[in-house]
Each structure stands twice: as structure tokens, then as C-alpha cells.
Amino acid sequence: MLGVVRKKMLGQSLLKIRPAVSMLRSYSSAAKQMTVRDALNSALDEEMSADQKVFLMGEEVGEYQGAYKISKGLLEKYGPERVLDTPITEAGFAGIAVGAAYHGLKPVVEFMTFNFSMQAIDHIINSAAKSNYMSAGQMSVPIVFRGPNGAAAGVGAQHSQCYAAWYASCPGLKVLTPYSSEDARGLLKAAIRDPDPVVFLENELLYGESFSVSDEVLDSSFCLPIGKAKIERVGRDVTITAFSKMVGHALKAAEILEKDGIDAEVINLRSIRPLDRSTINASVRKTNRLITVEEGFPQHGVGAEICASVVEESFAYLDAPVERIAGADVPMPYAANLERLAVPQVEDIVRAVKRACYRSVPLAAAA
Amino acid sequence: MALMRRMEIAADSLYKAKLIRGFCDLYDGQEAVAVGMEAVITKKDCIITAYRDHCTFIGRSGTLLEVFAELMGRQAGCSKGKGGCGLAFAQKYSKDETVTFALYGDGAANQGQLFEALNISALWDLPAILVCENNHHGMGTTEWRASKSPAYYKLGIMFLV
């Protein structure tokens, strides 16, 4: 029961990217709008300004202003010694960055997508992640590997994989998955300041989305804690966990479900490793039902881990089986109609929640 | 060098007695490389090597006690020679005026990432000295069975402009 029911739906307009409804706690100050792209850019800028040891390395990060313009303006501001354009050799430059981190610098390595991180995965895992443990704490590796992760639009099988589950299984790494601009700013700053290797999984389709940000978020000292999930929407009837782009889908599903009298709690995981098991379990103990949502492949995915965690800690509180919604168990198709079917849609989440609430038939007859 | 030789022979005996577990990669016969290198550098220069590193560690003022404690408790893992160019990057970034020796063996000399590290080091003019410790065997395979051209010292020629 992988939760991805393939049916043709007419509501394809739901797939268009819209600015997400902001579910932030409102601060008394007026909120501004900021795209995720600008959030990442400003976070990089501020951290490079605050600490001379921070530098950025990757393909097209300098003169091209960033493959997705995330590093726009940074070369002009910090110069070629701190913003380095690399050859297309991920193993080479990731290895060099890890070596620099051994020596005390704080590299931010950009992968054009995380699919290319597979070229460098030996360095991420064996050179970076394990070094602190293997050296009995004598070596720390304060490096950040960042870039777009998961499906984009029409980029095909080799450019669409989600690596959250792969990296999150490795002790020694921290794995973060921002959704909103607040997440992007706060988590990237936390990642750069962290003394351990961090895999920072962005999403290309979120870069252009705007979110409200408060003055607190815009402050240069703003930082989010690593390992804490955020409850984006409080609810009573069912818990939906999601990360990255799927948080937006979960929130839309919650709006639809509200009309059917189902009050969903949506948790934005923010951190896949360490996973905020206490927030997830506390929520499930309240709602008694759980749906996990992710874009990546279902087998050995993030949802599988969350399900195991809940079974281990909160089994007696479950009123329905945990259901995981994930991408289809196929390499990502290129054809647009097939691609849509291979990635979770809002309707999939709605249907799964109704199954969990034992309401798989719509309440057409209800008064 | 004599101390290094005796240490490696002792380690071999311990390994055969199963007091050292896992793998035990010995450096006897290669001591001159580590000693020769140490003779011309300072302690501020960096060395990064792989798993055949007991003697290199001694050369850097490690003690026999540390080596044997490590081997008998937990096999030291491989640090990657490619990380050496990264140390050199950091030295240049911080304007240290030190260098890094990145050591690798003839077995690793066939790896693509070595070429990548060499390319970037030459391109960015990093203070890295890449040293191929050629003992003619990559694990168990002799070099002429592993490489079309075992003249590994020639690898750098294409980067001379």
C-alpha cells in the first residue's frame, strides 16, 4: 500500500505553482514577501560576510551568478578567492572542499543537482561524514553540501531523484530540507555555522516561490535549530508529515479536507537527520492517524523510517495503519503526463487521509 | 627508519596472532619515502595519506603506543589522498606559506578522482605535492596488470604548460 493511486484527475490546475499560504505564527511587525532564492542568497551573503572562513565552490556559482541564480552578486562582492567556479568534476572539487574543511575552512559546496552528488558520494560519506567519529572527535568537518534535490519539470530520470533517504541513513551527516523562505534562511545559516557536515536539500521548483518573512527572519543573526520540525498547521484528526515541496501539497490537501470535516495537522519536517521523532510522535498520540508524504522512491524512504519510529514509540495510539505516500517506484519519466503521475499530487494525500479516517467514500449523503 | 621497520614487523606478528583485526597494511620497505619527506618539511606542512600510514604517523611525531593502541582497538580508516589538495587549498586561502603532501599508491594512481584533483590543483596553483608511493602492487594486483602505463610519475606532464 504505497499510497500512490494513479488516476487521471481533472483538477490539474492544482499543479500550477502558486505562492503558498503562509502558516507562520504572526509577529507583531509587518511581514514582507521573499522568494526562497533570495532567502538562500541573503543567508549565504550574511554568513560569508560574518566569517572569512566561509567560501562557496561549485559549477557556475561565480561568473554565471549561479546555475539557478542562488549565488547572484556574491562573486562581485567577495571576489574569486571566495566564490570559486569549478570544472565539471564533482569528485575532485568535493574532495578539495572536504580537505579544506579538515584544515579549518568552512566550504559551501554547490551541486547543480544532487544527482551529481553521486559522483562525489565517497567524499561526502567517507571523507566528510565519518571523519569526526573515526578521529575520536579530533577532526571536525564544517562543510555544507547544498543544491536542488528531487524532481523538477521535465528533466528526466537521471536528474530527478530525491536523495533525502540515502543521506539521512548515514551517521555523521545532518540532512536538512527547507520548504519556506524562513526555512531556507534559518536552516542554511544553521548549516553553515554547524561544525559537522550538512547535506542541504533544496528544491528547484521552490526557488521562485514567495513566502512572508517577519523582521525576525530578516535579521542577520536569525537561525533555526537543526533537528526540530515545525507544525505548519495544527489539527486534531490526522497527522501529515512532509518535507520540502510536499509541505505545500500537504497544506493544500488540509484545506480541501477541512471542507469534509477532517482537521489535519501538517508537520514540516525541516530536518531529516536528525529526525524530530518527539514532535512526530506527540502529534500522532494526539491525532491517532498518520500519513507520510515524500517525493522520493518509496522503498527505504523517509516515510518508512517515520512509520517505524511511530510503531516503536506510539503503536498503542494508532487507530489506523500508517500510510506512506511517495513517488512512483520507477525512474522518473520525461513525458509530462507520466511525470505528473510519478510524483505525489494533492489528491493522493486527500485520498490517503480519507482512507486513514475510514472515510474513503466522499460524504455526499451527509446533511 | 629502523624503528619504523621493527614496528611494522611487530605489527605483522600481532596481525597473524589475530590481535590486530580487520586489515593490516604494512609499510616495511617503503620507510625511505616517509623519512625523506619529513627531512625537508616542517611540522606546519601537512601530509595526508591513505591506510598504509603507520610509519607516516611516526614520522609526524606519533608514538608507537598510539599506533599500536589504534591498531589493536580499531583499525584506522583511510583518509583520502584527494583531501590533500583540499588542505593545500586551505593553506593558500589562509596564506600560510606551507605545503601539503598528498600521498597515494600505485593502486590508487589509476583513479579518475586523482586526475580531477591534479587538474584543479594545477589550475588554481595550489601548494600541493602529489606523491605516488609505488610499491608495484595495488592490494594484490601487480601494476602491469592494472595499468596500461605504469609510469605513474609521468601523470603530471600534461599539466605543465
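Guide: Contact means heavy atoms within 4.5 Å, and helices (H or I, at least four residues) and strands (E, at least two) are DSSP runs numbered from the N terminus. The model is predicted, with pLDDT of at least 70 needed for local features and 80 or more for side-chain atom pairs, while totals for chains, interfaces and linings use all residues. Residues count from 1 along each chain as written, chains are lettered from A and ligands numbered from 1 in the order written, and side-chain values use heavy atoms without hydrogens or water.

Visitor: Which strands does helix 3 of chain A lie across?

Guide: Helix 3, residues 90-102 of chain A, lies across strand 2, strand 4 (106-110) and strand 5 (144-148) of chain A. Its angle to strand 4 of chain A is about 165°, on a scale from 0 to 180 degrees between the N-to-C directions of lines fitted to C-alpha atoms, for helices over the stretch in contact.

Visitor: What is the order of the seven strands that form an open sheet in chain A?

Guide: The order in chain A is 3-2-4-5-7-6-12, with mixed pairing, where two strands pair if DSSP finds at least two bridges between them. Strand 2 (residues 54-58) and strand 3 of chain A have three bridges in the parallel sense, and A:Leu56 stands opposite A:Val83 in strand 3 of chain A.

Visitor: Why do strand 3 and strand 12 of chain A stand at the edges?

Guide: Strand 3 (83-85) and strand 12 (271-273) of chain A each have a single partner strand, so one side of each has no neighbour in the sheet. From one strand to the next, the twist averages 20°.

Visitor: What is the order of the five strands that form an open sheet in chain A?

Guide: Here the strands of chain A follow the order 9-11-10-13-14, and the pairing is mixed. Strand 9 (230-233) and strand 14 (323-325) of chain A are at the edges, because each has a single partner strand and one side left without a neighbour in the sheet. On average, neighbouring strands of this sheet are turned by 25° against each other, direction ignored.

Visitor: In what sense do strand 13 and strand 14 of chain A pair?

Guide: Strand 13 (residues 290-293) and strand 14 of chain A pair in the parallel sense, over three bridges. A:Thr292 has A:Arg324, in strand 14 of chain A, as its bridge partner.

Visitor: Which strands does helix 10 of chain A lie across?

Guide: Helix 10 (residues 277-287) of chain A lies across strand 9, strand 10 (238-242), strand 11 (264-268) and strand 13 of chain A, and it runs at about 175° to strand 11 of chain A. Helix 11 (residues 302-314) of chain A lies across strand 10, strand 13 and strand 14 of chain A, at about 155° to strand 13 of chain A.

Visitor: What makes the phi of A:Asn288 worth a remark?

Guide: Most residues other than glycine have a negative phi. A:Asn288, which is not a glycine, has a positive phi of about 75°, and its place is the loop between helix 10 and strand 13 of chain A. A:His300 also has a positive phi, near 60°, in the loop between strand 13 and helix 11 of chain A.

Visitor: What kind of peptide bond joins A:Arg273 and A:Pro274, cis or trans?

Guide: The bond between A:Arg273 and A:Pro274 is cis, with omega about -5°, whereas most peptide bonds are trans. A:Pro274 lies in the loop between strand 12 and helix 10 of chain A.
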